[in-house]
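This report concerns the interface between two protein chains and one further position in the structure. The coordinates are shown below.

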Amino acid sequence: MTEWDEARGIQAAKEDPDGFGALYEAYVDRIYSYIYHRVGNVHDAEDLTSRTFYRALAHLPSYQDKGIPFSAWLYRIAHNLIANFHRDRKRRSVVALDELLAGSAPEHHPEALAEARDDATLLQAAIATLDPGRQELLVLKFAEGLSNAEIGVILGRSEGAIKSLYHRTLLQIRKEMQERGLKLA
Amino acid sequence: MIAACGSYGAGAEPISYRKRFLRNLRALGVIRTRPEEFEGLEDAMLGTMSPVAPSSGFRSRLRDNLALAARQRSVGLAVEYPAPVRQGIILGLSAGVAAAMVALLLILWQSRRSGATR
């Protein structure tokens, strides 16, 4: 959805109850994917995705594009709901590896698949050692494909701070992987 | 502005002096923006964190529920996320049990009164 389409879509949603559907269709996949990677299972991802869009609908009349794109606004709502979710349930934000690997290209050689699962398991284990903020950064960067600037808007930090945090995060993961004995080509 | 940015290929976007300067430094190997030792790690994370799509059933259910909620909002009703079914069942059962206990107490009290007046 281009910026112009988004602005029109938002205005239409404010004026017409059926207009919110277009915004929903434009962003539901991205928001769901982001939430899924943060909570690790389908049930909670569906619940929080629903809550995100219900909250967006309820607060849509007060939304104004003051330098924060609508997508970033949605991500922020999701981010806050996820934070509440983790606080209330006291869970660690561990990604469900089996469900992630189910979406990857199938390997016919069982040993290759087992090795791939092991490497992915080690990587997931290394990521799980990160604090939630760094995990979220990785999800926004790799699962959502957002730039440092866009991530900064969502997390309320400068682009430079995000870039620096990203660099330190990669160093930490690399260190974890090396300690676990995994070398990446 | 275009002339100041220097030459560039047809159809390419003009680049700033800063970007040209950094590109030249990278070409000389003076600086790296993407350390080689991170390339494998980033590729691995790209493969692990691929986008996940919701089921079509969930998408359509939520779309329909949101459309209903939007119409409710348009007539002045508050938009609230539906309470989980389990909570509703528990609340309903609790209310039913409480009502049954009150009714039982009333029946017992009535029967005692009618027994006392005989």
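How many salt bridges does the rule find across the interface of chain B and chain A? There are four salt bridges between these chains in this predicted model. In one of them, the side chain of Arg59(B) meets that of Glu25(A), with an N to O distance of 2.5 Å. Two elements of chain B, helix H2 (36–48) and helix H3 (56–74), each give two or more residues to the side that touches chain A. The largest share, twelve residues, comes from H3(B).

The table sets out the make-up of the side of chain B that touches chain A by residue class.

| Class | Residues of chain B |
|---|---|
| Nonpolar | 18 residues |
| Polar | six residues |

In terms of contact, 32 residues of chain B meet 40 residues of chain A. The two chains bury about 3,600 Å² between them, and 68% of this area lies on carbon and sulfur atoms. Within chain B, the residues that lose the most area to chain A are Met49(B), Arg73(B) and Tyr81(B), which together account for 21% of what that side buries.

A separate position lies within chain A. Ala128(A) belongs to helix H6, which spans residues 110–128 of that chain. Ala128(A) is classed as buried because its relative accessible area is 15%, below the 20% cut-off. Ala128(A) and Ile173(A) are 45 residues apart in sequence, and their C-alpha atoms are 9.7 Å apart in space.

Note on methods: Residues numbered from 1 in each chain as written. Chains lettered and ligands numbered in written order. Predicted model: local features only at pLDDT ≥ 70, side-chain atom pairs only at ≥ 80, totals over all residues. Heavy atoms only, no water. Contact = heavy atoms within 4.5 Å. Buried area = accessible area lost by both parts, 1.4 Å probe. Helix = DSSP H or I, 4+ residues; strand = E, 2+ residues; numbered from the N terminus. Nonpolar A, V, L, I, M, F, W, Y, C, P; charged D, E, K, R; others polar. Buried < 20%, exposed > 50% of the residue type's maximum accessible area, 1.4 Å probe, protein only.
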